[in-house]
Amino acid sequence: REVLSTKNDLSRLNSNLEAELELRRHQLESRVGANFQQNKLKALGDMAAGIAHEINNPLAILVGRTEQLRDIMGREGTIGPKQESILMSMEKTLFRIQEAVLDLELISSSPSQEELRPIPLSRLVKRLNKVVSNRYQTKEISFEPEIESDVEIEGREVELSQALLYLLENASEAAQKSETKWVKVVLRRNEDQTCTIAISDS
């Protein structure tokens, strides 16, 4: 009987140890996963900051030179319809690049010092669309933003942008495994005055 009791105790102890080891394993995997996601998000932010920095200096020179060219041609009276069309095209293109750089700078900013403020979500989704569209085209992924209605919430725009960008990056990786590659973002207002941002992929 004592031998049987000892075996039962050992069996219970072994089961408890196995359960404890399994719990610790899950906790470790969760921590590793969280750290990996945090590092991945930080890497995306660092990459965006680096790209924005590399573009800013030559962009400022191009904007300045274009303004100089317009002033010189204006004083010389050499701006005809054709020249005006070319200058307007250059200025429009440079403005679009400036917008893209501002978007990258927003995503790469640190949210730690950001205060709560109203965020128009349609503007945020459109901004993210511009940031990821070229990247998705390179991967041959169709990106489909659907804004059913505009919604304004109070929050931290940088933090929200970075979180959504991370989800879009995960969605693009998942879409790569499908024959028809697509990622869809749907923004809608709910009847209870809340809103939903739904991200799905193929």
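Student: Among contacts in the protein chain between residues at least 6 apart in sequence, what percentage join residues at least 24 apart?

Tutor: This is a predicted model, where local features need pLDDT of at least 70, side-chain atom pairs count only at pLDDT 80 or more, and totals for chains, interfaces and linings use all residues. Residues are numbered from 1 along each chain as its sequence is written, and side-chain values use heavy atoms, with hydrogens and water left out. A contact means heavy atoms within 4.5 Å. Of the contacts between residues at least 6 apart in sequence, the share joining residues at least 24 apart is 75%.

Student: In which helix does Met90 lie?

Tutor: Helices are DSSP runs of H or I with at least four residues, strands are runs of E with at least two, and both are numbered from the N terminus. The protein chain has four helices and five strands, in the order α-α-β-α-β-β-α-β-β. Residues 81–108 form the helix that holds Met90, namely α2.

Student: Is Met90 buried or exposed, or in between?

Tutor: Buried means under 20% relative accessible area, exposed over 50%, and partly exposed in between, with a 1.4 Å probe and protein chains only. Buried residues make up 24% of the 202 residues in the chain. Met90 has a relative accessible area of 33%, so Met90 is partly exposed.

Student: Which residue lies over the face of Trp182?

Tutor: A charge sits over a ring if NZ of Lys or CZ of Arg is within 6 Å of the ring centre and within 35 degrees of the ring normal. At 5.9 Å from the ring centre of Trp182, the residue over its face is Lys184.
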